[in-house]
Structure formats: structure tokens, C-alpha cells
Amino acid sequence: MASRYRHHHLTILRIFAFVLISLTVTAIPPAHAQSTYADADKAYQNKDYATAHRLWLGFAEIGNRTSYFNLGRMYVFGQGVPIDVLEAYKWFKLADLAGLPQAKSGLNRVGRVMTSAEVIEGTRRVERWYDQHLRTRRK
């Protein structure tokens with residue numbers, strides 16, 4: 001009987017250790033977490049577009065709607081990235097779906113120069129983003 005109790009006790013300890021380790025690993029913040037949103041804004045203002053892009057992308061990965069918009073703006077103006085209306089559309093659409101009012105103006109701007117096929121491709125990119133970043137999907 002003591003052996004069965006000891007085995008049961010060890011099993012519970014193993015489960016507890018697994019849960020504790022799992023929680024610790026998921027609690028480790030992503031690389032951008034050491035940076036603040038103000039750091040991204042400052043990098044952008046200083047024309048350090050590579051840093052701004054990297055930081056805003058990190059914030060976008062956790063669903064920050066202003067980051068979506070700022071990334072769209074970078075793709076419209078080619079700031080640290082090639083001008084790309086499909087990527088700009090994707091980011092503006094994500095910002096719009098997240099409820100950022102100024103995103104509509106970005107969508108209108110790029111929509112005027114896009115073909116219907118490009119709009120379809122841009123929409124596919126939004127869906128791929130949501131597929132790869134499930135927690136950012138808006139209901």
C-alpha cells in the first residue's frame with residue numbers, strides 16, 4: 001500500500017513539475033518586450049526604420065492595432081522596406097479590422113492604385129496573418 005501511495009505521489013509531483021515548467025516557458029516575454037512602444041516611435045522619428053519595423057512587427061504579433069497601421073505606412077512610403085501596396089493593404093486592413101479609425105484612410109489610399117486581383121491577394125495575406133497569429137484575430 002505504501003508503494004502505491006509513493007508512486008501516486010511521484011506522479012503528482014511529475015505533473016506539477018511539468019505544469020510549472022510549461023508556465024515558466026510561456027511566461028518568457030518575446031524579444032520586443034524589453035522595448036517599449038515609445039522606443040519604436042523614437043526609432044521611426046530618428047529615421048531608424050529597420051529598428052522601428054522590427055519593434056512594430058513584434059507589437060503587431062501580439063495584436064497592437066497601431067503597429068499594424070504604422071507598418072502599413074512604412075510599406076506605402078518605402079521607409080526601411082520596399083514600397084509594396086499588397087503589404088501596405090494587409091497592414092491597413094488588419095488595423096481596420098482591429099478598429100483603428102485612421103486605417104480606413106490608408107485602405108482608401110492603397111485601394112485606389114490596386115487591381116481587384118491585388119485586393120484579393122491582400123485579403124489572402126490578412127487571412128494568412130490570422131492563421132499564423134491566432135491570438136490577434138478579432139471576433
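# A friendly tour of the model

Q: What pLDDT does the chain average?
A: Residues are numbered from 1 along each chain as its sequence is written, and side-chain values use heavy atoms, leaving out hydrogens and water. As this is a predicted model, local features need pLDDT of at least 70, side-chain atom pairs count only at pLDDT 80 or more, and totals for chains, interfaces and linings use all residues. pLDDT is the predictor's confidence in each residue, from 0 to 100. Of the residues, 74% score at least 70, and the chain averages a pLDDT of 82.

Q: What pattern does the chain follow along the sequence?
A: The chain has seven helices and zero strands. Helices (H or I, at least four residues) and strands (E, at least two) are DSSP runs, numbered from the N terminus. Read along the sequence, the pattern is α-α-α-α-α-α-α.

Q: Which residues of helix α2 are buried?
A: Buried means under 20% relative accessible area, exposed over 50%, and partly exposed in between (1.4 Å probe, protein chains only). The buried residues of α2 pack against α3 and α4, while Lys 42 and Gln 45 are exposed on the other side of α2. The buried residues of α2 are Ala 40, Ala 43 and Tyr 44.

Q: What arc do the buried residues of α6 cover around the axis?
A: Ala 103, Gly 106, Leu 107 and Val 110 are the buried residues of helix α6 (residues 103-111). They lie on the same side of α6, and what covers them includes α4 (65-77) and α5. The arc is that of the directions from the helix axis to the C-beta atoms, and here it is only 100 degrees.

Q: How many aromatic pairs does the structure hold?
A: Rings of Phe, Tyr and Trp (its six-membered ring) pair if their centres lie within 6.5 Å; planes under 30 degrees apart count as stacked, over 60 as edge-to-face and the rest as tilted. Ring pairs link Tyr 37, Tyr 44, Tyr 49, Trp 56 and Phe 59 into a cluster. The number of aromatic pairs in the structure is eight.

Q: How many residues apart in sequence are the parts that Tyr 44 and Trp 56 tie together?
A: Tyr 44 and Trp 56 form a tilted pair, 5.3 Å centre to centre with 45 degrees between the planes. Both Tyr 44 and Trp 56 are buried. Tyr 44 lies in α2 (residues 37-45) and Trp 56 in α3 (residues 49-60), so the parts they tie together are apart in sequence by 12 residues.

Q: Why is the pair of Trp 91 and Trp 129 called what it is, given the angle of its planes?
A: Trp 91 lies in α5 (residues 85-97) and Trp 129 in α7 (residues 116-132), so the pair ties together parts that are 38 residues apart in sequence. Trp 91 is buried at a relative accessible area of 3%, and Trp 129 is buried at 5%. The ring centres are 4.9 Å apart and the planes stand at 70 degrees, so the pair is edge-to-face.

Q: Which residues does Asn 70 touch, not counting residues up to four places away in sequence?
A: Asn 70 lies in helix α4. With 6% relative accessibility, Asn 70 counts as buried. Not counting residues up to four places away in sequence, Asn 70 touches Tyr 37, Asp 41 and Trp 56.

Conventions. Contact = heavy atoms within 4.5 Å.
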